[in-house]
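These are my notebook entries on what I looked up in one structure. I went through it topic by topic and wrote down each term where I needed it.

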Amino acid sequence: MEQLKNVIREELNRNLNQIIISNQRKKDAVKKVKIRPVLIKDELYFQASETVDKKEIHTNYTAEQLLPKIETWLREQFKQLELTSATHTIHALVSKKGKATIKVKNECNERKQPLEHNRKKEYIIESGKPIDFLVDLGVMTKEGKIVHAKYDKFKQINRFLEFIEDILPHLPKDREVTIIDFGCGKSYLTFAMYHYLKVMKEYDIRIIGLDLKEDVIAYCNQLKERYGYEKLNFYQGNIESFEGVSHVDMVVTLHACDTATDYAIDKAVRWGASVILSVPCCQHELNGQMHSELLEPIMQYGLLRERFCAIATDGLRAQLLEMAGYRTQILEFIDMEHTPKNLLIRAVKTGKKANNRAEYERLRDFLSVEPTLERLWKDGTIL
């Protein structure tokens, strides 16, 4: 049951579609329970609908309140649970003794009903409340209204903060949390992350932004002084050689080009980061290595080869992270400044290393490649 609770805990976020608890252990007034996420005054809750005869009784729970309730339902009243999220379908059967059999299927599931309790789209950062860095970006007016031409950027910032919101249970609140943003660029997402965690959620955080461009770093440090963001600092440097900290709680890397993503992931794992959020960019490495006679009918077309190599690169990275003890998802991230669509790798440390080395090696050998991340971990300290 503990394993099932951990699986459910990971899915209690905005990406959840629904949970259905059914198959009564004995005849009871409650026939089944349906659970879905709802937003109530900008806070994420989970609405449980218990079917009693032909009526439904609705109760709203926080994630912390819901988990023990689900355990009680499965131990005492029901045998079966089905969970669907944006990326997973999970089936579980629970025996009389509380032993759970779990099957997880990776697949895309469309949301069946709106997330918002009031059926109106709400964002983590709302319009109508001016925020300095968004005003400077031209996303907001001084009155806090969203500039129509910048609405895509406003949605992108909020989508990024949703990814942050989903991993909040993995960030401690009883001490300072250290976050590093590699390749931060002009840093509007870094400022958004600081505002959300420090100002809105009241975390004790320290964020370090790192980029190669001296003028960009100077500009970002000027802005952080203007906003009074005391624990947000920017430094010039590259990912591979950065040694400014000994432990990091979360590593963010957005559009680190080609193998810079691998060096960022390597740093994150060696620091023991609880969370890694990475949007890879320009995955050229495997394009120069990959060779397969079987795939040649596809690979002879430059555009298809480029896309296939990019997908293979991120798939192999995800498998290596699983082997390193991280529960890994690949999600869609919208970024209008770089490309129409990107993939985001989200990895959460579990400490349980997946037994997938044989499958990984078969795929790697079939493609005739040697990814940088595997080479960085060949010393045996990670895998």
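I began with burial, where buried means under 20% relative accessible area, exposed means over 50%, and partly exposed lies in between (1.4 Å probe, protein chains only). The model is predicted, so I noted that local features need pLDDT of at least 70 and side-chain atom pairs count only at pLDDT 80 or more, while totals for chains, interfaces and linings use all residues. Residues are numbered from 1 along each chain as its sequence is written, and side-chain values use heavy atoms, with hydrogens and water left out.

**Entry on backbone angles.** I read that most residues other than glycine have a negative phi. I then looked up C282, which is not a glycine and yet has a positive phi of about 55 degrees. C282 lies in the loop between β12 (275–281) and α8 (285–289), where helices (H or I, at least four residues) and strands (E, at least two) are DSSP runs numbered from the N terminus. C282 counts as partly exposed because its relative accessibility is 31%. I found a positive phi of about 50 degrees at D258 too, again not a glycine, and this residue sits in the loop between β11 (250–257) and α7 (260–270). Is D258 buried or exposed? With a relative accessible area of 19%, D258 is buried.

**Entry on cavities.** How many cavities of 30 Å³ or more does a search of the whole structure find? I recorded four, a cavity being a set of points on a 1 Å grid over the protein atoms alone where a 1.4 Å probe fits but cannot get out, with lining residues having an atom within 4 Å of a point. Grid points are joined across faces, edges and corners, and a volume is the space filled by probe spheres set on the points. The largest cavity holds about 60 Å³ of space, and its lining includes E10, D166, R327 and R346. Strands β13 (326–335) and β14 (339–349) each supply at least two residues of that lining. I sorted the lining into two nonpolar, three polar and four charged residues, where Ala, Val, Leu, Ile, Met, Phe, Trp, Tyr, Cys and Pro count as nonpolar, Asp, Glu, Lys and Arg as charged, and the others, Gly among them, as polar. The second largest cavity has a volume of about 50 Å³, and among the residues that line it are R9, L12 and P169. Its lining has two nonpolar, two polar and three charged residues.

Technical notes. 1 Å grid on protein atoms, 1.4 Å probe; cavity = no way out; pocket = protein on both sides within 12 Å on 5 of 7 lines; lining within 4 Å.
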